[in-house]
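Hi,

Here is the structure I promised to pass on. Have a look at it first, and then read my notes below.

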Amino acid sequence: MKPIALFWHRRDLRVHDNIGLSAALNSGLPVAGFFCFDRNILDHLPPRDHRVGFIHSELKVIRDQYRDAQGQLIAKHGLALDTLQQTVNQCADSGWKVTAIYTNKDYAPGPVKRDAEVAQWCGENQIEFHAYDDHVVCPPDAVLKDDGTPYTVFTPYSKKWHKTFDAFEASPLKEASVQLQGGMVPLDGSFSDFPALSAMGFDEESASPEGWAAFENRTPDPSTLANYAERRDIPSLVGTARMSLHLRFGTLSVRELTRVGIKHSDKWLTELIWREFYQAIIHHFPHSASDAFRAKYDRIPWRHDDAHFQAWCEGRTGYPMVDAGMRELNETGFMHNRVRMVVASFFCKHLLLDWRLGERYFAEKLLDFELASNVGGWQWASGSGCDAAPYFRVFNPESQLKKFDPTGAYVRKWVPEWGTDAYPEPIVEHKMARQRAIDTYKAALADA
Ligand SMILES: Cc1cc2nc3c(=O)[nH]c(=O)nc-3n(C[C@H](O)[C@H](O)[C@H](O)COP(=O)(O)OP(=O)(O)OC[C@H]3O[C@@H](n4cnc5c(N)ncnc54)[C@H](O)[C@@H]3O)c2cc1C
């Protein structure tokens with residue numbers, strides 16, 4: 001049997017500048033691409049999910065790129081390890097022995113566990129397993145305090161990120177060259193099945209590009225970046241780059257975006273570093289995916305109030321900026337960062353609901369949902385996270401509206417009945433809710 005390697009795509013739905021794919025091709029083994037539509041994730045999603053549609057359509061692009069180089073992308077629907085085993089067996093039946101699997105690392109706790117299982121199975125079957133840091137510029141284990149422990153506060157992390165960046169021997173932004181032609185396995189047609197969305201239980205309309213219209217740009221607009229520092233907090237403008245979907249699924253390389261940041265906007269570069277900070281936090285503190293980063297915040301007696309939860313989800317709280325944000329989310333799968341902060345703070349403080357419920361709702365609806373940044377944002381809002389604001393600092397949603405949407409343009413776009421009798425009264429009174437939050441947090445956090 002002739003030895004070959006598989007390259008397993010996950011958060012890197014692209015061929016260009018792909019570190020793991022480049023390493024697979026440089027191994028000297030002929031390479032076949034692999035992707036698993038993972039039932040562990042997909043079985044929990046509704047039939048129309050534009051993220052699945054986006055993945056599906058991006059994979060077709062990759063499949064065609066492989067085909068142009070006489071190669072194959074093997075795409076399967078099932079559980080990761082099962083589908084890898086099937087693929088290895090199917091290759092063996094055709095005379096190809098998979099001797100190595102290459103991939104790029106994912107730092108979230110679920111994928112880390114999955115990869116450990118795959119690595120163990122590989123070890124038991126004389127298959128090499130190689131995983132690379134492609135999803136971030138400075139990997140979590142590269143940016144540590146001088147004593148070797150991880151940072152939990154952003155500003156010193158960011159300083160060390162820059163130092164680490166400068167200290168790399170070769171530029172960490174160098175493009176990983178990928179030459180498919182001549183490097184692919186000429187597998188036969190039996191490998192070319194590509195699961196249809198409908199065969200996996202999804203509407204074909206999940207793949208209509210209107211579903212991800214908020215992210216249609218594939219390069220940051222230079223004028224957006226030139227004005228980013230001044231306009232990034234104004235939700236009525238497209239003042240941010242709308243790259244988060246592409247960073248999430250790796251349709252763009254973080255290295256190319258970081259090069260753009262260095263050239264055009266320090267402030268924007270800082271946001272990319274926030275993203276790496278949260279990747280590092282989830283890597284070093286996996287408990288924070290589901291528990292308070294600071295354990296004593298799990299003592300807070302969250303309220304249980306279905307009516308308030310529903311009103312928040314549907315954008316009917318009577319607080320215009322909160323309602324506009326939730327309606328934007330429900331309609332487009334995107335919400336502006338400033339508004340994410342306002343709606344999350346309102347949820348945890350004014351409604352005193354458990355941040356995990358809000359985090360899960362965002363996870364269902366956000367096209368750019370990404371566990372590390374989502375949990376980071378929610379724990380920041382609830383006060384329980386690393387580097388979170390002190391609990392007694394409670395955002396006033398009305399002041400936020402006056403400051404960041406002074407003309408009301410953003411609110412009117414999403415809440416047309418605002419200012420009429422049809423708009424609901426506030427579901428909680430601000431002063432009461434603020435004081436209730438402070439008192440509840442204070443009592444819960446007081447040392448026992
Ligand atoms: C409660 C809450 C939940 C969030 N959930 C997510 C999520 O699930 N997925 C996600 O990608 N971002 C999340 N964010 C961060 C941020 O809101 C989005 O990354 C940003 O709105 C995406 O729009 P953009 O690409 O136009 O951002 P830009 O302002 O153009 O920023 C450029 C890139 O920097 C990164 N970035 C910017 N702000 C942050 C931040 N605060 N934390 C981490 N990375 C950041 C993103 O990758 C973003 O694409 C959340 C923030 C909050 C407050």
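The ligand lies between domain 2 (136–173 + 222–284) and domain 3 (289–442), because both give residues to the shell around it. Those domain bounds come from an automatic or database domain assignment. Before you read on: this is a predicted model, where local features need pLDDT of at least 70 and side-chain atom pairs count only at pLDDT 80 or more, while totals for chains, interfaces and linings use all residues. Residues are numbered from 1 along each chain as its sequence is written, and side-chain values use heavy atoms, with hydrogens and water left out.

**The ligand site**

The shell has 26 residues, and the closest are Tyr-228, Thr-240, Ala-241, Arg-242 and Asn-337. By class, 14 of the shell residues are nonpolar, six are polar and six are charged.

Four helices each supply at least two shell residues: helix 9 (244–249), helix 11 (266–284), helix 14 (337–350) and helix 16 (371–382). Helix 11 gives the largest share, five residues. Helices (H or I, at least four residues) and strands (E, at least two) are DSSP runs, numbered from the N terminus.

Now for the polar contacts, meaning pairs of N or O atoms within 3.5 Å; within protein, one atom must be able to donate a hydrogen and the other to accept it, and residues adjacent in sequence count only if both atoms are side-chain atoms. An oxygen atom of the ligand sits 3.1 Å from a backbone N or O atom of Ser-244. On the nitrogen side, a polar backbone atom of Asp-368 is 2.9 Å from a ligand nitrogen, and an N or O atom in the side chain of Asn-374 is also 2.9 Å from a ligand nitrogen. The protein buries 95% of the 820 Å² that the ligand exposes when taken alone. Accessible areas come from the Shrake-Rupley method with a 1.4 Å probe, and for residues only the protein chains shown count as cover.

Asn-374 is in helix 16, and its side chain makes a polar contact of 2.9 Å with the side chain of Glu-359. At 6% relative accessibility, Asn-374 counts as buried; the cut-offs are under 20% relative accessible area for buried, over 50% for exposed, and partly exposed in between (1.4 Å probe, protein chains only).

Asp-368 also has a partner: its side chain meets that of Arg-340 in a salt bridge, 2.8 Å from N to O. This pair links distant parts of the chain, with Arg-340 in helix 14 and Asp-368 in the loop between helix 15 (355–365) and helix 16, 28 residues apart. Both Arg-340 and Asp-368 are buried.

**Other salt bridges**

The structure holds 26 salt bridges, each one a side-chain nitrogen of Lys or Arg within 4 Å of a carboxyl oxygen of Asp or Glu. Side chains of opposite charge can pair when their charged atoms come close.

One of them joins Asp-115 to Arg-10, with the closest N and O atoms 2.7 Å apart. Asp-115 lies in helix 5 (residues 109–124) and Arg-10 in the loop between strand 1 (2–8) and helix 1 (19–26), so the pair ties together parts that are 105 residues apart in sequence. Asp-115 is buried at 11% relative accessibility, and Arg-10 is buried at 10%.

Arg-63 and Asp-64 form a salt bridge too, at 3.3 Å from N to O. Here Arg-63 is buried at 16%, whereas Asp-64 is partly exposed at 35%. There is also a network of salt bridges that links Arg-14, Asp-17, Asp-134 and Arg-255.

Gln-126 is in the loop between helix 5 and strand 5 (128–132) and is exposed, at 62% relative accessibility. Asp-387 has a positive phi of about 55° as well, and it is not a glycine either. Its place is the loop between helix 16 and helix 17 (397–404), and at 30% relative accessibility Asp-387 is partly exposed.

Cheers

Note on methods: Near = heavy atom within 4 Å. Nonpolar A, V, L, I, M, F, W, Y, C, P; charged D, E, K, R; others polar.
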